[in-house]
Amino acid sequence: MRNVTLKGILAHKLRLALTCLAIVIGVTFVSGTYVLTDTLHNTFYALVGTIFHKIDFQVRGAAQFPTTDAANAVRNPVPEALVDEIRRVPGVEAADGVADGYAQFVSRTGKPIATGAEPTIGESFDPDSRTSELHIVQGRPPTGLHDVVMDAGTAKSHHFSVGEQVGVILTGATQTFTITGIAQFGTADNLAGVTFAAFTLPEAQQAFDEVSELDHINVVTVPGANRAAVQQAIARELPHGVEVVTGQTVLDEQTSSINQDLSFFSTALLVFAFISLFVGGFTIFNTFSITVGQRTRELALLRVVGASRRQVFRSVLAEAAIVGAASSLVGTGLGVLAAIGLEALMSALGYTLPAGPIVFEPRTVIVAFAVGIGVTVISAVGPARRAVRTAPVAAITDRQDARDVSSRRRLISGAAVGLVGVVALAAGLALPKVGLVGLGAACIFTGTAILAPAVARPLSSVIGRPLARLGGVPGRLGRENSMRSPRRTA
Amino acid sequence: MTTLNQSPAEATAAQASPAAQAVGLRKTYGTGGAEVTALAGVDVAFARGHFTAVMGPSGSGKSTLMHCMAGLDRPTAGQAFIAGLDIGGLDDSALTKLRRDRVGFVFQSFNLVPTLTARENITLPVDLAGKKVDSDWFDYLVGQLGIAGRLSHRPNEMSGGQQQRVACARALVNRPELIFADEPTGNLDSNASAELLGFLRRSVQELGQSIVMVTHDPGGAAFSDRVVFLADGQVVGELYQPTPTSVLDQMSRLGAQSDPELGA
Ligand SMILES: Nc1ncnc2c1ncn2[C@@H]1O[C@H](COP(=O)(O)OP(=O)(O)O)[C@@H](O)[C@H]1O
Ligand SMILES: [Mg+2]
């Protein structure tokens with residue numbers, strides 16, 4: 001029986017290729033989405049880690065409103081005088097204040113520089129390497145009025161170098177600054193497309209806050225200090241409305257903020273994945289219906305010479321599983337390539353990321369194969385059941401035995417399931433909720449499958465025409481077959 | 001030799017009973033005005049170790065009789081026995097096993113799975129049973145049938161005669177109680193027909209095989225031990241030790257009898 005299955009698959013290479021294509025596309029999306037988002041997540045995490053790894057604590061205003069995105073919460077400023085008090089707390093090695101806000105470079109052609117929707121950040125330059133995430137790779141730190149340090153990403157893509165003048169948009173009109181240095185974050189040229197302008201603290205305070213106010217104070221403890229005790233000691237110095245959190249908390253907040261951005265991105269990609277798998281599943285359902293239709297006599301002959309229903313059923317499903325597995329393998333591979341390609345594209349668009357390895361989680365392979373094989377096998381269940389119901393006499397006589405769910409029941413149940421699918425799909429896309437999209441696609445697929453026999457004849461003649469031209473004899477056979485017995489086409 | 005479990009008493013009964021038997025077998029297709037009676041109460045027994053031919057006009061119910069007796073189709077009424085076993089009481093999976101292990105089939109056409117080689121087609125019933133092929137028996141069969149050189153060929157790479165001989169080997173590979181052949185030579189030229197019929201004849205004589213064969217050809221029927229004549233779904237005559245002439249005689253007598261009744 002294994003022989004019959006394998007040879008049945010190989011006997012129809014063109015049809016096989018077309019069937020596989022649909023699943024390959026779907027699995028490529030699934031695998032590509034996972035690889036890309038895993039890789040981005042990993043890269044961002046490493047990036048945020050290099051920025052915040054030095055900091056043991058951060059002192060900042062408490063969030064003004066409860067929020068799920070702590071990294072972007074609205075916070076009151078912190079008085080600058082606190083810096084000296086914190087420096088005096090036993091166990092504190094260094095404490096430096098930072099003022100930050102919005103600052104956007106202007107290109108040589110006079111256009112504001114931004115990459116996509118990423119923020120353009122202005123910050124006071126912290127010269128203390130114990131607390132600072134920025135380090136100068138060229139030139140020197142800002143020392144006077146209208147000095148600015150530029151992130152290496154912007155400098156590279158817009159060809160600015162040390163000593164040149166550059167326009168910067170702060171809250172008001174564009175002002176002209178002198179580039180005194182070019183800086184990197186850890187090993188990255190910029191933070192995934194976020195542009196960065198660093199000024200002297202007084203200039204930043206004037207631009208972003210009030211004189212003698214700060215946005216936060218970064219704290220580093222002496223090696224071996226009892227951090228919990230230090231945190232408590234700092235907390236005792238703080239006025240109402242100011243909090244001290246660990247560097248890890250800041251890191252987690254930033255990461256979860258990035259994840260929220262990424263999850264929207266991956267939702268969009270997964271929606272594509274489900275749509276293409278839905279189309280793929282439908283294609284497979286049709287292909288297997290036609291295949292089984294064409295092979296009614298062959299399968300009935302197997303029944304005549306002693307194949308049990310279960311053996312025939314398994315043979316059709318095994319065929320589907322093999323086709324699904326092969327397609328999933330190709331799709332998973334293509335997904336990795338697609339992810340690498342997309343990452344290269346992002347970098348070409350200015351989202352320069354630190355060089356990070358492609359992340360290929362076991363989960364990616366498992367989901368890609370489960371989805372690829374699952375969709376194929378589930379699509380083949382209907383045709384396989386029909387194959388099993390073929391009476392053995394059908395091998396010898398060419399008479400069809402007409403067995404039927406009433407067409408009205410078919411129409412009503414098919415329409416109902418399909419409608420539920422449309423609603424779920426629409427809701428899933430609007431929210432967006434991937435689970436709902438998947439459910440919607442599955443329902444639409446099932447509904448269409450139930451409805452199909454009622455509309456198969458007009459449809460199959462339309463679909464069959466180009467197929468007959470394309471596919472030669474097999475296509476023609478499939479078309480005649482599905483015209484003759486509409487229930488054979490989906 | 002059989003795979004179904006039998007008690008000693010049953011085995012003795014099976015030994016005593018004919019290879020296949022029909023009792024009051026009826027089969028109707030369709031309902032109401034469109035009802036067609038294919039078998040109108042057939043009582044017939046096919047003896048063990050005999051070669052029986054079934055003849056009759058087109059539409060007389062020959063194929064239907066075979067299908068109902070071989071467990072390929074269910075009769076509307078009456079009983080069918082294979083070696084004393086009432087197959088009406090078997091469920092689908094028992095019928096499948098019966099076809100696989102105890103009955104062999106040769107049809108007029110489309111006997112072979114197109115994607116499999118001759119060898120794979122022949123061993124299909126054994127493979128489906130998950131058993132090992134008896135290679136001595138296999139070699140003997142393909143030798144007798146003269147297809148040893150064709151075993152790696154696909155059906156579409158073989159002549160009609162070769163295909164039918166492969167089908168015969170397939171029918172015999174599980175050493176069945178009985179072989180049903182429905183016009184096995186219907187698509188063959190006279191040489192290929194004679195070869196195939198000669199092989200069937202020898203397998204009855206030398207191996208004690210029981211065979212029931214539907215045929216249109218008086219010359220073919222003459223290879224058998226006995227001819228059973230069907231008309232309008234009923235047994236209308238029989239003939240032992242037939243010759244082509246005696247078969248023709250009988251056919252024309254039956255034709256003369258039934259013509260006025262049909263009112264054609
Ligand atoms: N599946 C079927 N549906 C309806 N009528 C059938 C079917 N099979 C056979 N018949 C009818 O039953 C009668 C006997 O057919 P069959 O056994 O094939 O005859 P034979 O083999 O002697 O030519 C014919 O009238 C035929 O039209
Ligand atoms: Mg017939």
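## Two chains and their interface

The area buried between chain B and chain A is about 2100 Å², and carbon and sulfur atoms give 66% of that area. Buried area here is the accessible area (1.4 Å probe) that two parts lose on being put together, summed over both. Three residues, B:Phe110, B:Thr115 and B:Leu128, supply 29% of the area that chain B buries against chain A, more than any other three residues.

This is a predicted model, in which local features need pLDDT of at least 70 and side-chain atom pairs count only at pLDDT 80 or more, while totals for chains, interfaces and linings use all residues. Residues are numbered from 1 along each chain as its sequence is written, chains are lettered from A and ligands numbered from 1 in the order in which they are written, and side-chain values use heavy atoms, with hydrogens and water left out.

**The chains**

The table sets out both chains. Helices (H or I, at least four residues) and strands (E, at least two) are DSSP runs, numbered from the N terminus. Buried means under 20% relative accessible area, exposed over 50%, and partly exposed in between (1.4 Å probe, protein chains only). Accessible areas come from the Shrake-Rupley method with a 1.4 Å probe; for residues, only the protein chains shown count as cover.

| Chain | Helices and strands | Buried residues | Accessible surface |
|---|---|---|---|
| Chain B | nine helices, 10 strands | 51% of 264 residues | about 11400 Å², 50% from carbon and sulfur atoms |

Contact means heavy atoms within 4.5 Å. In chain A, 80% of the contacts between residues at least 6 apart in sequence join residues at least 24 apart. In chain B, residues 24 or more positions apart account for 68% of the contacts with a separation of 6 or more.

**Across the interface**

Chain B brings 22 residues into contact with 23 residues of chain A. The rule finds two salt bridges across this interface. A salt bridge is a side-chain nitrogen of Lys or Arg within 4 Å of a carboxyl oxygen of Asp or Glu. The side chains of B:Asp92 and A:Arg309 meet in a salt bridge, at 3.6 Å from N to O. On the side of chain B that touches chain A, α3 (92-101) and α4 (118-128) of chain B each supply at least two residues.

B:Thr96 sits in helix α3 of chain B. B:Thr96 counts as buried because its relative accessibility is 2%. Its neighbours within four places in sequence aside, B:Thr96 is in contact with A:Arg303, A:Gly306, A:Ala307 and A:Ser308.

**Helix α8 of chain A**

A:Arg303 belongs to α8(A), where it is buried. Helix α8 of chain A spans residues 296-304. Eight of its nine residues are buried, so the helix is largely enclosed by the rest of the structure. Among them are A:Thr296, A:Glu298 and A:Leu299. A:Gly306 follows α8(A), and its phi is positive, near 115°.

A:Leu329 lies in helix α9 (residues 309-348) of chain A. At 57% relative accessibility, A:Leu329 counts as exposed.
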